[in-house]
Amino acid sequence: MDQRLDLDRVAVTMTPTRHGRASTVRFARVWLLVIPVVFLSAFFFYPVASIVGLGLWPDGRFAFDRVAATVSDPTVARVAWFTLWQAAASTGLTLLIALPGAYVLARLDFPGRRVIRSLVTVPFVMPTVVVASAFLALLGPRSPINATSVALFGSGAPTIDLRRTVAAILIAHVFFNYAVVVRTVGGLWEHLDPRLEDAARLMGATRWRTFREVTLPLLAPAVWSSAAIVFLFTFTSFGVVLILGGPTRATIEVEIHRATAQLLDLPLASVLALLQLVAVVAALAVYGTLSRRVTGQRLVAADHAPRRADDRASKILLRANLAVMAVLLATPLLVLVERSFAMPDGWGLDHYRALFAPASTVLAVAPWQAIRNSLIFAAAATLMALVVGTAASLAATDARSLGARIVDRGLMLPLGTSAVTIGFGFLVALNRPPLDLRGSLLLVPIAQALVATPFVVRTVLPVLRSIDQRLRDAAGTLGASPAKVWQEIDLPIIGRAVLVAAGFSFAIALGEFGATVFVARAQMPTMPVAIFRLLGRPGVTHFGQAMAMSTLLMVITAAAIVVIDRVRVGQIGRF
Amino acid sequence: MAIRMTRTQPQTSAVPIARARRPRSLTTQRWVAALAIVSMAIAACGDASDDATDSEPTTVRVLTHDSFDVDADLVAAYEHAHNLRIEFIAMGDAGSVVNQAILTRNAPQGDVLFGVDTTFLSRAIDAELFVSYRSPRLDAIDTRYLVDDEYRVTPIDVGDVCLNVDVGWFDDAGLPLPTDLDDLTDDAYRGLTAVMNPATSSPGLAFLLATVDRFGQDGWLDFWASLRANDVVVTDGWSETYYDEFTLHGGDRPIVVSYASSPPAEVFFADPQPDVAPSAVIEASCFRQVEFAGILAGTEVEEAAGSVIDFLLSVKFQEGVPLTMFVFPVVNDAQLPDVFARHAVVPDSPLELDPWVIGEHRDQWINDWTSTVLR
């Protein structure tokens, strides 16, 4: 397909007038690059370089001894290896479990499909500390599975205890990242023209062969995109590893946090941060090579693609996937809901009432204010991420432009960078004019937007690149100006992708905790910060209120995503 | 230019591109407008508290940790009376706050730092973070908490990290409550204890220090080796130990590291409140931690910063700390809330270590602990 696109370009440049327009487009793209480059430089490279520089050149001289000692430390090698393999295993497992889910939600029509597709995003934004607690209950000796086994076979029955195991880490990583695959891959899948597959089937290909030779190659960019994101997320996993993996297991992220926040050993932290960066850049390079094959293809309106699950195989697939979602995604969340209603003697709404009581002694502010803060910060972060991410995507549409490729990958780097590195970097770098943001409220949405922007790019860019160049050329041949071409062809198609990205960004910003906790003001806690504070207090009602707040976070996230998903279906979604 | 793409143009593609164009772009505009309004609302919110008074209030920025809490009305009243505006900026856990303050010495993020505790005090002092300040309220402070004779830091609250036990569990099991740290390594108490990793948890570190004081620098690692052999469970942080491992909250460990304030909190935050606390503290295990505040060197509002320290020492603030931060006041003229007076244990001679001794050995002790307990 690459070849075909290239031929088109050659044909285009042969017409003098078209050449002029093409260079206008290129010029516009260069200018669009400015937005992501400035954002990334000011709020990522500069802060991270400042803190790493402080660690490597403590007194103005390069701390060669410390660097050499750290690099040759067997403990560091062990931590790096564990980080790498658990991330690879988590990514593989997530793809294996979530790809069928993406298919079911994108291509099979069944009652409640849209709502379920929105709801699977909820786990992704839940604060780790809360969910990990639910996982401990489900994976420990008192889990429902073990209770059933004891009820059946008596107290001597074998019990499964997965607490503090690698298995627990992997299961939790699938839980958190399922939505990444469903939304990224599903977003493209529902646009694939089903007639391509129909044609393959008509010509006698089996379902499996059709999938392997027609569908999968078309989906490849989105699959690699989601794999890259899941890998980065699990590579830098912090809370899950600490809480579910037990204290004997550590990722590089955990060690960076320890070196920075506890030991103030900046040389160590800097070396580890660079190590993490190298691994992340390598992973992104691999991903870049694998996803370079641009697939120009016909996209259809999403509503055309899904079909009723009326044959046997589809029904089985549908039920199996719904079962996976129920067990893997819904059960841990239901544990939280159950706990939020649990009273010493039965069930009740007391924890919720306490959250909305006017004179709450629990937080510095009334808990409803945490909800308001979260919504405002998340809206601001979404706006920033959309502006930066969409500009980057438009600029990077031509996959062969080097600048575009660098920005595209560069925007992914914050996902693979420790929150503590970014948090401390903000501190040591953004404290002088023109960028004196000490104590500024803007730091919260900026930190959240850093994490959300890659999702905008990863959602919008594959769609943008898969627009058939011939459509643009046809419009151009018919006399449309580049602006007109963009308005009539690119905009309708990416409009939908941008809204998907908006929903995703908003959800991510709502749930962001790692960086927010370093830059939030005590008087303006977000919901995850409030949950964290409530969980840090003794007393059965605090725990209940933390669970109630978590349930509210869940409901608000779900509502936000359902609404945004509805909006796009109602208007912008139609081609 | 006569040829334009219109709706009547035959579709060259399978995709009906140009259909609902107008409604769509309108919605996009509305969407952008909505986001713009929200972002303006944020800007407005940021400024909402800048109510103009006769003379502009002095802003004091207080750096603190994420467990800091205070009654907002109390702050507002003090701000009004002293023409101040106090911003509390949370910067992660206690260790992070000190480290960030040290890194930003040359361009301080705030004017006052609250929340440096016994374990991190020497690091903050050695980095020359603070300027001296003698609060008029110094006389009210219990003298044993005044550790710095240059008054660079002022004690604000005190809390003991202690082993908590589930009293009901021990009653049911017919086992006597442990009375000393040594009991934990006894076979009868096998598999009953949960502690926190001192590398990631501040009460976890305090408990490590308790064992150093109790068994001495030569014996504390032996204690931990025996405790490990007796099936101790180590979690990452306080909330996992307390809410996931403690039998009181559905776990399977009846002995956990927590605070002296935890039993009264269990009473106060239960509904209905029980007559007797469901948990108890093992007094002999308690390690005392003092939390300090100081004025950051380089502040431009030193006088107002001093006033904020006075606020933290005021009777009203001090009487509030038990129920907002679960610690105890340091001043003699503060009354404990009834529930603390009745259910809290404040050991007369807790385990303690000199902040400078801690500063010298802290990192080494954590490494030794890690090798003994986790590897």
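**Entry 1: a helix in chain A**

I began with helix α13 of chain A, whose buried residues are A:Ile252, A:Glu253, A:Val254, A:Glu255, A:Ile256, A:His257, A:Arg258, A:Ala259, A:Thr260, A:Ala261 and A:Gln262. I took a residue as buried if 20 or more other C-beta atoms lie within 10 Å of its own, as exposed if 12 or fewer do, and as partly exposed in between, with C-beta atoms placed from the backbone. Helices (H or I, at least four residues) and strands (E, at least two) are DSSP runs, numbered from the N terminus.

Before going on I noted that this is a predicted model, in which local features need pLDDT of at least 70 and side-chain atom pairs count only at pLDDT 80 or more, while totals for chains, interfaces and linings use all residues. Residues are numbered from 1 along each chain as its sequence is written, and chains are lettered from A and ligands numbered from 1 in the order in which they are written.

Why is α13(A) largely enclosed by the rest of the structure? Eleven of the eleven residues in α13(A), residues 252-262, are buried, so the helix is largely enclosed. I then looked up what surrounds its buried residues: they pack against α4, α12 (239-244), α14 (266-290) and α19 (419-429) of chain A, together with α3 (94-103) of chain B. Just after α13(A), I found A:Leu264 with a positive phi of about 50°.

**Entry 2: one residue of α4**

I picked A:Ala102, which lies in helix α4 of chain A. Is A:Ala102 buried or exposed? A:Ala102 is buried, because 29 other C-beta atoms lie within 10 Å. Leaving out residues up to four places away in sequence, A:Ala102 touches A:Val181, A:Val182, A:Val185, A:Gly186 and A:Trp189; a contact here means C-beta atoms, placed from the backbone, within 7 Å. I also checked A:Thr234, which is 132 residues from A:Ala102 in sequence and 20 Å from it in space, C-alpha to C-alpha.

**Entry 3: nonpolar cores**

I looked for nonpolar cores, that is, sets of buried Ala, Val, Leu, Ile, Met, Phe, Trp, Tyr and Cys residues joined through C-beta atoms within 7 Å. In soluble globular proteins, nonpolar side chains tend to be buried together. The largest core here has 281 residues, and A:Phe135, A:Ala172, A:Ala501, A:Met549, B:Val112, B:Leu113 and B:Val308 touch the most other members. Helix α17 of chain A (residues 367-395) gives the most to this core, with 17 residues. Another core, of six residues, lies apart from it and includes A:Ile467, A:Ala475, A:Ala480 and A:Ile489.

**Entry 4: two crossing helices**

I compared helix α7 (residues 128-139) with helix α15 (residues 312-341), both of chain A: their axes come within 9 Å and cross at roughly 100°. Axes are lines fitted to C-alpha atoms, for helices over the stretch in contact, and angles run from 0 to 180 degrees between N-to-C directions. α7(A) and α15(A) are therefore roughly perpendicular to each other; that label covers 65 to 115 degrees, with under 35 roughly parallel, over 145 roughly antiparallel and the rest oblique. At the meeting of the two helices, α7(A) supplies A:Val130, A:Val131, A:Ala134, A:Phe135, A:Ala137 and A:Leu138, and α15(A) supplies A:Thr331, A:Pro332, A:Val335 and A:Leu336.

**Entry 5: a strand in chain B**

I turned to strand β5 of chain B (residues 154-166), where 13 of the 13 residues are buried. Which way do β5(B) and strand β9 (residues 279-296) of chain B pair? They pair in the antiparallel sense, over eleven bridges; strands count as paired if DSSP finds at least two bridges between them. B:Val161 has B:Phe287 of β9(B) as its bridge partner. With strand β8 (residues 255-259) of chain B, β5(B) pairs antiparallel over five bridges, and B:Asn164 stands opposite B:Val256. Strand β10 (residues 328-329) of chain B is also antiparallel to β5(B), joined by two bridges, with B:Asp157 opposite B:Pro329.

**Entry 6: chain totals and confidence**

I counted 25 helices and six strands in chain A, and twelve helices and ten strands in chain B. Buried residues make up 53% of the 575 residues in chain A and 47% of the 375 in chain B.

I checked pLDDT, the predictor's confidence in each residue from 0 to 100. Chain A has a mean of 83, and 90% of its residues reach 70 or more.
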